[in-house]
Amino acid sequence: MFADVTSANVVGYQGLDSNNGYTMMTPTFWVIGNTNGCTLADLKVTGYTGNTLGKFRLRLLDEGGHYVDNKTYFWVHNSTKCGWYGNAAGTSAVDASKVGINAGRGVWCECAADGYKLQSSGQVNESLVVYPANNGYTAMGNCTPVDLTLADLSVTGYTGNTLGKFRLRLLDAAGHYVDNKTYFWVHNATKCGWYGNAAGTSAVDASKVVISAGRGLWCECAADGYQLNIPAPVLSK
């Protein structure tokens, strides 16, 4: 069931395919013993041959969709160095262990070639991840090593009813919405779940919307307090 995963009990690794262009991803394994997630130092890039100078770059996004602290992290591998740097040439040092990536957080990646993978390793999450949404935009993702569907995800953190204040989108290689679709969380006296519009009058078969392992999600929320619930994976033997 696991493509590119080696696992003994709940420990392993997984390489996530990047687009030649942009990809929203999230690490699918956490540091062993860490219940919060991982750091940039726990991630590496694979899938290329020979050396690479910054063809794969990674950014964290804030609630406005901007790069956090205007920083970009470049994967550099040549005869003298291998790791994350602050520029493509590998001359700007970065303490990757200080760049935290909480479980469920999406990372925005850009790749200038085919074949590159973002690899995480460690332990599989064994509990529900409840990821807080910004009042604005939040990069999130399926932080498990197995595919989920939209039906597996739910939204909490609000009181009473809500009509589409939380919306979710999948992004393609150019950063556009896949099939121009937006999924709205609707909860009122008669319905609770994902719909194709804020009023909840456009039905969606959420079980058919696949969110592959490590796939990032671009979410928009119009109020404080909302949370996306990402279940722990069910691992097949």
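Predicted model: local features only at pLDDT ≥ 70, side-chain atom pairs only at ≥ 80, totals over all residues.
A residue is called exposed when its relative accessible area is over 50%, buried when that area is under 20%, and partly exposed in between. Asp 17 has a relative accessibility of 52%, and therefore it counts as exposed.

**Salt bridges**

- Across the whole structure, a search finds five salt bridges, and three of them are described in the points that follow.
- Another salt bridge is formed by Arg 169 and Glu 220, whose closest N and O atoms are 3.4 Å apart. Here too distant parts of the chain are linked, with Arg 169 in strand 16 (residues 162-169) and Glu 220 in strand 20 (residues 216-221), 51 residues apart. Both Arg 169 and Glu 220 are buried.
- A further salt bridge brings together the side chains of Asp 205 and Lys 208, at 3.6 Å from N to O. Asp 205 has a relative accessibility of 43% and so counts as partly exposed, whereas Lys 208, at 65%, counts as exposed.

- Five strands, in the order 3-10-6-7-8, form an open sheet in which the pairing is antiparallel. Strand 3 (21-25) and strand 8 (82-85) stand at the edges of this sheet, and because each has a single partner strand, one side of each is left without a neighbour in the sheet. From one strand to the next, the twist averages 25°.
- In general, the strands of a sheet pair through backbone hydrogen bonds, and they may do so in a parallel or an antiparallel way.
- Strand 6 (residues 52-59) pairs with strand 7 (residues 73-77) over five bridges in the antiparallel sense, and within this pairing Thr 52 stands opposite His 77 of strand 7.
- Strand 6 is also joined to strand 10 (residues 107-111) by four bridges, and these two strands run antiparallel. Arg 57 has Glu 110, in strand 10, as its bridge partner.

**Nonpolar cores**

- The largest nonpolar core has 29 residues, and those with the most contacts inside it are Leu 153, Phe 166, Leu 168, Trp 194 and Leu 228. The elements that give two or more residues to this core are strand 12 (129-132), strand 16, strand 17 (183-187), strand 20 and strand 21 (227-230), and strand 20 gives the most, with three residues.
- Leaving out residues up to four places away in sequence, Leu 228 touches several residues, among them Val 129, Val 130, Tyr 131, Leu 153, Phe 166, Trp 194 and Leu 217.

- Gly 141 lies in strand 13 (residues 136-141), and with a relative accessibility of 0% it counts as buried. Apart from its neighbours within four places in sequence, Gly 141 is in contact with Thr 26, Gly 104, Gly 106, Arg 215, Gly 216, Leu 217 and Ile 230.
- Thr 149 is found in strand 14 (residues 148-149), and its relative accessible area of 17% makes it a buried residue. When residues up to four places away in sequence are not counted, Thr 149 touches Ala 206, Ser 207, Val 209, Val 210 and Ile 211.

**Cysteines**

- The structure holds zero disulfides. Cys 82 is in no disulfide, and the nearest cysteine sulfur, which belongs to Cys 111, is 15 Å away. With a relative accessible area of 47%, Cys 82 is partly exposed.
- Cys 143 counts as buried, at 1% relative accessibility.

Technical notes: Residues numbered from 1 in each chain as written. Heavy atoms only, no water. Salt bridge = Lys/Arg side-chain N within 4 Å of Asp/Glu carboxyl O. Buried < 20%, exposed > 50% of the residue type's maximum accessible area, 1.4 Å probe, protein only. Pairing = 2+ DSSP bridges. Contact = heavy atoms within 4.5 Å. Core = buried A, V, L, I, M, F, W, Y, C linked by side-chain atoms within 4.5 Å. Axes fitted to C-alpha atoms, helices over the stretch in contact; angles between N-to-C directions. Disulfide = S-S within 2.5 Å.
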